[in-house]
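Student: Can you walk me through this one? I'm new to it.
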Amino acid sequence: MDQSAKRVAVVLFNLGGPDSPDAVQPFLFNLFNDPAIIGAPAPLRWSLAQFISRRRAPVAREIYAELGGRSPLLENTKAQAVALQRKLSDLGDVRCFVAMRYWHPFAAEAARDVKAFEADATVLLPLYPQFSTTTTGSSLTDWYRAASAAGLAEAGRAVCCYPDNGGFVEAMAERVAERWKACSKKGRPRILFSAHGLPKRTVARGDPYQWQVELSAQAIAKAVTHRLGQAPDWLVSYQSRVGPLEWIGPYTDAEIERAGRDGVPLVVAPVAFVSEHSETLVELDIEYRRLAEEHGVPAYERVPTVGDAEQFIAGLAGLVRAAMATDASPASGCGARICPAETSQCAMADASLGPVPREVRRS
């Protein structure tokens with residue numbers, strides 16, 4: 001990529017969330033109609049998505065009612081975009097764009113804006129530190145289609161993952177250590193690094209997400225140890241499971257119940273989320289806090305997400321600069337492929353996630 005580019009577009013990818021109660025069901029439909037989420041043939045997947053979204057919409061509306069009827073994810077992502085754009089101002093005319101996967105602004109909207117910006121270079125930056133085919137993989141595939149439809153000559157260079165990026169790790173470690181100290185008044189705390197779960201079969205097919213989540217937790221725990229001067233008790237757990245499939249564990253709710261039996265305070269750190277949304281503000285803050293109280297957990301502290309923390313934004317800026325200095329795409333934020341061989345769906349082992357897949361490449 002041309003490091004002398006004067007107009008640089010950085011596209012930030014995130015999940016998206018409904019912006020009104022009426023948007024909840026179509027948001028859920030878009031989610032479950034994604035072949036990366038439900039791998040059934042298109043006609044069957046469409047029918048399943050209709051059925052699941054109708055069934056889940058009432059419960060989801062109650063969840064978003066706790067947040068004023070809408071997700072705060074877009075506002076949080078825009079704040080990160082503003083902070084990152086400021087951090088990269090020395091590169092020239094840098095513009096950060098937001099592309100959400102399941103609700104506005106969609107990738108097609110962002111691609112048209114990037115086209116109008118007439119960027120000399122484009123960097124694709126997912127706000128998922130750990131790669132999964134269901135998140136970053138789906139978002140990049142969606143982007144390449146949108147970029148082709150918008151007539152972009154170059155889709156851009158993608159950062160696939162950054163599970164132990166220094167800025168991310170330090171921002172998390174600072175927050176975890178603060179909550180650990182507050183919680184330690186009630187005993188020696190246990191840290192739960194809670195991440196969104198995946199079905200076991202997705203991981204068995206070679207998705208590297210679980211491996212990368214555990215790498216993030218190890219790196220953050222090491223940084224927390226340095227800050228505390230002692231090694232904390234910690235483990236990784238998984239939340240937000242839905243449906244009849246068996247999901248990866250241990251489950252966060254089960255670990256909360258165990259902490260109650262053990263009589264230990266809990267510090268719950270959302271290790272795979274970098275922005276506040278329903279799974280942090282409702283599931284962790286309200287539902288799991290209530291569960292902790294019911295099971296006699298002596299103290300329950302939830303660690304805030306990194307948001308637009310200075311360390312995290314500096315880390316993202318470093319990833320953008322590194323992407324501009326390489327012709328590799330996707331490029332690991334760790335500098336090279338880090339995933340073990342059995343994670344066959346690692347982005348760096350998947351040619352379909354190159355700059356523009358063959359099926360959407362413009363002639």
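Tutor: Let's take a helix pair, then a sheet.

Tutor: Some ground rules. This is a predicted model, where local features need pLDDT of at least 70, side-chain atom pairs count only at pLDDT 80 or more, and totals for chains, interfaces and linings use all residues. Residues are numbered from 1 along each chain as its sequence is written, and side-chain values use heavy atoms, with hydrogens and water left out.

Student: At what angle do α4 and α5 cross?
Tutor: Roughly 45 degrees, for α4 (residues 107-117) and α5 (residues 133-150), with axes that come within 8 Å. Axes are lines fitted to C-alpha atoms, for helices over the stretch in contact, and angles run from 0 to 180 degrees between N-to-C directions. Helices (H or I, at least four residues) and strands (E, at least two) are DSSP runs, numbered from the N terminus. So α4 is oblique to α5; oblique is what remains after under 35 degrees (roughly parallel), over 145 (roughly antiparallel) and 65 to 115 (roughly perpendicular).

Student: Now the sheet. What's the strand order?
Tutor: β6-β5-β7-β8, in an open sheet of 4 strands with parallel pairing. Two strands pair if DSSP finds at least two bridges between them. The edge strands, β6 (233-239) and β8 (300-302), each pair on one side only.

Student: How many bridges join β5 to β7?
Tutor: 5 bridges join β5 (residues 190-196) to β7 (residues 266-270).

Student: And which residue in β7 is the bridge partner of leucine 192?
Tutor: Valine 268.
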